[in-house]
Amino acid sequence: MIIIKAAIVDKEKLTDIINLKTKNIDELKFFVSYPHHTTFAYFTEGGKEYLVPFGSRPDITGLENAKIYTPSEVISVLKDSFDTAENNNNGETLYAGLADTSVSKQNKYLYVAAAAVILFAAASIGILFIKSKHSLKKAD
């Protein structure tokens, strides 16, 4: 089951912000970007597109809440925020506060070796089981 939380945006504040920069809004829509913890107000004026972010984690996204951006500005800020690697105190590489979950080649080889050992052990146990069952039948 997936639960989608409704985004809460102060529409009066949004209207005030937009009216400071523009007077003739053609279209106003809202959408949520869950990976970025942000609700965006999307509006057009005179054929130009604008986005206003309202996020719970501006420290991660780098987007200032309630600021009017063009789509290319939002993409640029998010690209910079999510492509920048930092190291935390545990020595993990983090991208926008999230750990790098890629598996190194060395770890991949360890997983393959572990799987091979498990398969060999299972096959050996199976063979021993079959032989012991066969030996019991001969004894009867």
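**Backbone, cores and salt bridges of a predicted chain**

Ala66 lies in the loop between helix H2 (58–61) and helix H3 (71–83); helices (H or I, at least four residues) and strands (E, at least two) are DSSP runs, numbered from the N terminus. The structure is a predicted model, in which local features need pLDDT of at least 70 and side-chain atom pairs count only at pLDDT 80 or more, while totals for chains, interfaces and linings use all residues. Residues are numbered from 1 along each chain as its sequence is written, and side-chain values use heavy atoms, with hydrogens and water left out.

The chain contains 4 helices and 6 strands. Starting at the N terminus, these elements follow the order α-β-β-β-α-α-β-β-β-α. Of its 140 residues, 22% count as buried, where buried means under 20% relative accessible area, exposed over 50%, and partly exposed in between (1.4 Å probe, protein chains only).

The largest nonpolar core has 8 residues, namely Ile18, Ala41, Phe43, Tyr50, Val52, Phe54, Ala66 and Ile68. A nonpolar core is a set of buried Ala, Val, Leu, Ile, Met, Phe, Trp, Tyr and Cys residues joined through side-chain atoms within 4.5 Å. At least two residues of this core come from each of strand S2 (38–45) and strand S3 (48–55). The most is given by S3, with 3 residues. A second, separate core has 7 residues, including Phe40, Tyr42, Leu51 and Tyr69.

Ala66, a member of the largest core, has a positive phi of about 65° although it is not a glycine. Its relative accessibility is 16%, so Ala66 counts as buried. A positive phi, near 55°, is also found in His37, a residue other than glycine. His37 is placed in the loop between strand S1 (27–33) and S2. With a relative accessible area of 39%, His37 is partly exposed. Most residues other than glycine have a negative phi.

The whole structure holds 2 salt bridges, each defined as a side-chain nitrogen of Lys or Arg within 4 Å of a carboxyl oxygen of Asp or Glu. Lys29 pairs with Glu27, and the closest N and O atoms are 3.0 Å apart. Lys29 is partly exposed at 46% relative accessibility, and Glu27 is partly exposed at 29%. In the other salt bridge, the side chains of Asp59 and Arg57 meet at 2.9 Å, N to O. Asp59 is exposed, with a relative accessible area of 57%, whereas Arg57 is partly exposed at 34%.
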